[in-house]
Amino acid sequence: MEQRRWRAARWWIAFIVVVDMLCSGASAQIRYSISEEVKEGTVVGNIAKDLGLERTMLKDRGYRIVGGSTEPLFEVNQNDGILYVKRQIDREEVCERSSTCLISLKTVLENPLEIHYVSVEVLDINDHAPIFPEKEKLLEIFESALPGARFQLQAARDPDGGQYSVQQYKLSHNEHFRVEVKDRGEDRKIPFLVLQKQLDRETAVKHRLLLTAIDGGKPPKSGNLEIHVDVLDVNDNAPVFIKDTYATTVRENSPAGTLVIQINATDVDEGTNGVITYSFGNEVDLKLLDLFSVNPITGEIKVTGLIDFEENKSYDIDIQASDKGQIPLTADKSVTITIIDVNDNAPEIEVTSFSNSVPENARIGTTVALISVTDLDSGINGKVICTIKEDVPFTLSPSMQDNMFAVVTKSQLDREHQSMYDVTIVAKDAGDPPLTSENRISVLVSDVNDNNPQFNSSPYTFYVTENNDPAASLFSVKASDLDEGDNAVISYHILRHGSEGNKLASILNINPENGDILSLKSFDFENLKTFQFQVVATDSGTKQLSNNVTVNVYILDQNDNAPVILYPVSANGTAEGVEEIPRNVNAGHLVAKVRAYDADIGYNGWLLYSLKEVTDHSLFALDRYTGQIRTLRSFTETDDAEHKLVILVKDNGNVSLSATATVVVKVVEPKEAFAASDVKSSAKDEDENNMAFYLIITLGSVSTLFLISIIVLITMQCTKSTDYSSKHLQETNYDGTLCHSIQYRSGDRRYMLVGPRMSIGSTIVPGSNGNTLVVPDRRRASGEVRNTHKASVCCVVVCGLYRDSINIGYGY
């Protein structure tokens with residue numbers, strides 16, 4: 001029997017599901033039916049199959065039933081999508097006296113969000129028998145009562161609904177009474193005892209009747225009421241109500257004492273038989289006694305409790321009017337009270353599903369949360385409008401279901417601008433005055449790698465002192481990234497390629513974590529003064545982004561080069577020289593000029609000259625800036641014929657470097673000086689001619705005819721008289737130095753200077769290689785050529801020829 005009932009129930013469930021799906025079309029709502037009081041674990045239906053969902057995706061997407069505060073009646077299996085009963089259901093407990101017991105369920109699929117509605121109808125079973133409020137009923141009926149008199153009896157109550165409620169009443173067989181049933185709706189059938197034959201107290205004082213209430217079950221269930229009828233005499237007129245119907249309205253939440261309606265009845269009897277009292281009928285629900293009261297004298301019905309429209313929209317109250325006869329007569333009237341709704345319920349906001357984070361590159365219209373709004377009021381009081389309170393990049397999108405909204409993005413997000421939003425959802429009904437409620441959700445904006453690393457400076461400029469330590473960090477570059485996490489973790493590397501300007505990048509190394517840059521070898525300012533390279537910063541995002549910066553490096557000079565003596569330099573390479581001067585020179589005569597240079601620049605290459613040793617301080621003076629040695633006074637007979645001067649040449653570095661040169665000055669008689677000059681001139685004629693020959697061959701720009709003319713001119717000049725006077729020795733432009741060549745070494749190079757000894761005003765001027773010596777053309781400055789001495793002419797001609805080529809000989 002039980003199996004047949006279960007098969008019939010399953011067939012009925014399948015039929016309802018198919019019909020519901022055919023009626024709803026493409027709707028996401030399905031409906032099942034199940035009998036009450038089935039065992040826990042009983043299968044209701046396969047939601048996944050009916051919705052066309054893959055079983056494998058249910059658990060991954062978190063398929064669940066959105067429950068309320070009470071323990072749920074149903075549960076869904078996430079593995080197969082089967083809906084089953086979680087606890088035993090008592091239809092009468094869940095739906096009380098409702099004709100249809102429908103339980104609505106909201107089911108949710110996460111990621112992406114989907115919501116489906118499932119309705120489960122709980123079918124009634126005949127598990128209760130009709131029960132009368134009391135087992136016995138005493139009726140007192142006057143014998144004067146005419147046939148057709150009606151006496152209302154208490155109806156039997158059956159918690160079951162529909163066909164399983166009370167369907168009929170049967171009265172035990174008798175000749176005086178029959179039973180009639182008045183249908184009040186809502187499964188309420190009121191039995192009336194109808195007198196069909198006038199009573200005769202003298203024949204029978206009491207009558208015993210049995211009233212049986214029968215429900216519609218198969219087999220039916222029943223309940224009995226024993227009716228004891230006492231036959232009375234006298235009062236034969238019952239009260240009569242003035243109106244046929246009584247109906248009124250009252251606002252919910254009306255205060256206690258509010259007058260609802262006043263009823264009125266009359267009785268044509270006299271005396272106490274015509275005095276009427278009012279009371280609730282026997283069938284009035286006990287709950288109504290807490291809400292309303294009736295004045296027994298005036299018939300005024302007033303509010304005594306809290307009336308809630310959401311609990312019940314109308315009430316039917318049975319009012320009884322009774323006279324005060326010895327055997328009171330009564331009349332019954334039903335009063336209909338309709339409740340007017342008042343906007344006393346604020347909307348309730350429920351976050352059905354919520355993603356607490358959204359990527360910043362989410363497309364416009366991405367769903368963040370699903371919102372469900374309910375208002376227990378009805379009509380315009382239950383109409384709800386939802387808005388977002390803040391000015392945020394989110395908006396509400398209405399759903400197909402009433403009062404369902406989706407929180408979606410309305411503009412592009414940027415985590416670097418704002419990483420979190422507090423979204424306040426405001427629900428406002430259309431009542432007067434309107435009621436509102438709020439619910440706040442916090443939305444986090446997750447990061448994506450959309451920002452390139454940015455260097456703190458562009459370009460970078462650094463100054464590095466030469467002779468740096470290769471193991472020490474030279475400088476550091478720093479970049480930052482507005483992203484977070486791995487997207488903001490930056491690594492550095494030097495851009496290396498084959499271009500000429502980037503070759504020096506091969507000697508540099510960079511710490512990829514902090515951007516510290518070090519050199520694999522020391523820098524030398526004299527070989528390298530500046531260079532540049534590029535550093536690339538790359539983040540660690542899934543799609544890596546990078547940026548580069550140019551680094552300009554300037555090498556700062558250190559005082560790491562000692563002065564080099566250019567003159568005097570002896571044949572063996574030492575800084576020694578011998579100068580012969582006539583004894584009759586006057587004070588201020590230029591004896592010699594010490595020349596030196598320093599490869600450093602600035603203060604490190606600024607040279608100062610000083611006398612370290614001198615045999616007679618009263619005879620010679622040294623210019624500390626030019627290195628010129630001049631006489632302080634004229635020589636006397638007692639002065640020595642030979643003097644030694646040691647000159648110290650120092651640069652101006654923080655730690656000064658120096659070099660020394662030795663000049664031996666020999667004092668000779670004037671004629672000896674001229675003779676020595678002639679000897680030197682004659683001895684050097686051949687060397688100078690050879691040097692000119694080689695120079696002409698090298699340059700290839702002097703013709704043979706010009707060379708012969710020069711030789712003839714030199715020969716003619718050398719055969720002239722050698723009679724000189726002392727005044728020629730006092731020539732202001734004569735510096736006491738004969739024509740000569742100087743050779744010296746500096747590092748790997750060998751240098752040769754050819755020309756007259758430098759006079760006052762000669763300077764070392766840095767050229768393309770920083771070491772070129774330029775000697776002023778004193779002959780052009782004076783504007784004349786002296787022919788007073790063959791050695792002078794020889795020196796002027798030969799040295800003038802080589803003067804234009806001195807830059808070639810220097811540094812070759």
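# A tour of side-chain contacts and backbone features

Asn 467 is a partly exposed residue, its relative accessible area being 39%. Select Asn 467 in this predicted model and look at the backbone: phi is near 65°, a positive value in a residue other than glycine. The residue sits in the loop between β33 and β34 (473-476).

With a relative accessibility of 31%, Asn 253 is classed as partly exposed.

**Cis peptide bonds**

Select Ser 458 and Pro 459. The peptide bond between them is cis, with omega near -5°, and Pro 459 belongs to the loop between β32 (454-455) and β33 (460-465). Then move to Lys 218 and Pro 219, also joined by a cis peptide bond, here with omega about 0°. Pro 219 is in the loop that separates β13 (206-215) from β14 (222-232).

**Aromatic rings**

The whole structure holds 13 aromatic pairs. Show Phe 292 and Tyr 315: the ring centres are 5.7 Å apart and the planes stand at 70°, so this pair is edge-to-face. Phe 292 is in strand β20 (residues 292-294) and Tyr 315 in strand β22 (residues 314-323), so the contact ties together parts 23 residues apart in sequence. Both Phe 292 and Tyr 315 are buried.

For a stacked pair, select Tyr 460 and Phe 462, whose centres are 5.6 Å apart with planes at 10°. Tyr 460 and Phe 462 are both buried. Now extend the selection to Phe 455, Phe 475, Phe 523, Phe 531 and Phe 533; ring pairs link these residues with Tyr 460 and Phe 462 into a cluster.

Lys 529 is the next stop: its charged end sits over the ring of Phe 525, 4.8 Å from the centre. For the surface, pick Tyr 463, Tyr 554 and Leu 556, which make a nonpolar patch of about 310 Å². Tyr 554 is part of strand β40 (residues 546-556) and is partly exposed, at a relative accessible area of 34%.

**Charged pairs**

Which ring lies under the charged end of Arg 150? It is that of Phe 192, with the charged end 4.5 Å from the ring centre. Arg 150 is partly exposed at 43% relative accessibility, and Glu 180 is partly exposed with a relative accessible area of 24%.

The count of salt bridges comes to 18. Another of them joins the side chains of Arg 583 and Glu 669 (3.6 Å, N to O). Arg 583 is in the loop between β42 (576-582) and β43 (590-593), and Glu 669 in the loop between β49 (658-668) and α6 (670-699), so the bridge ties together parts 86 residues apart in sequence. Arg 583 counts as buried at 12% relative accessibility, whereas Glu 669 is partly exposed at 39%.

Finish with Arg 415, Glu 416, Asp 447 and Glu 484, which are linked in a network of salt bridges.

Methods:
Residues are numbered from 1 along each chain as its sequence is written. This is a predicted model: local features need pLDDT of at least 70, side-chain atom pairs count only at pLDDT 80 or more; totals for chains, interfaces and linings use all residues. Side-chain values use heavy atoms; hydrogens and water are left out. Rings of Phe, Tyr and Trp (its six-membered ring) pair if their centres lie within 6.5 Å; planes under 30 degrees apart count as stacked, over 60 as edge-to-face and the rest as tilted. Helices (H or I, at least four residues) and strands (E, at least two) are DSSP runs, numbered from the N terminus. Buried means under 20% relative accessible area, exposed over 50%, partly exposed in between (1.4 Å probe, protein chains only). A charge sits over a ring if NZ of Lys or CZ of Arg is within 6 Å of the ring centre and within 35 degrees of the ring normal. Patches are made of residues with over 30% relative accessible area and no salt bridge: like charges are joined within 9 Å, nonpolar side chains (Val, Leu, Ile, Met, Phe, Trp, Tyr) within 5 Å. Accessible areas come from the Shrake-Rupley method with a 1.4 Å probe; for residues, only the protein chains shown count as cover. A salt bridge is a side-chain nitrogen of Lys or Arg within 4 Å of a carboxyl oxygen of Asp or Glu.
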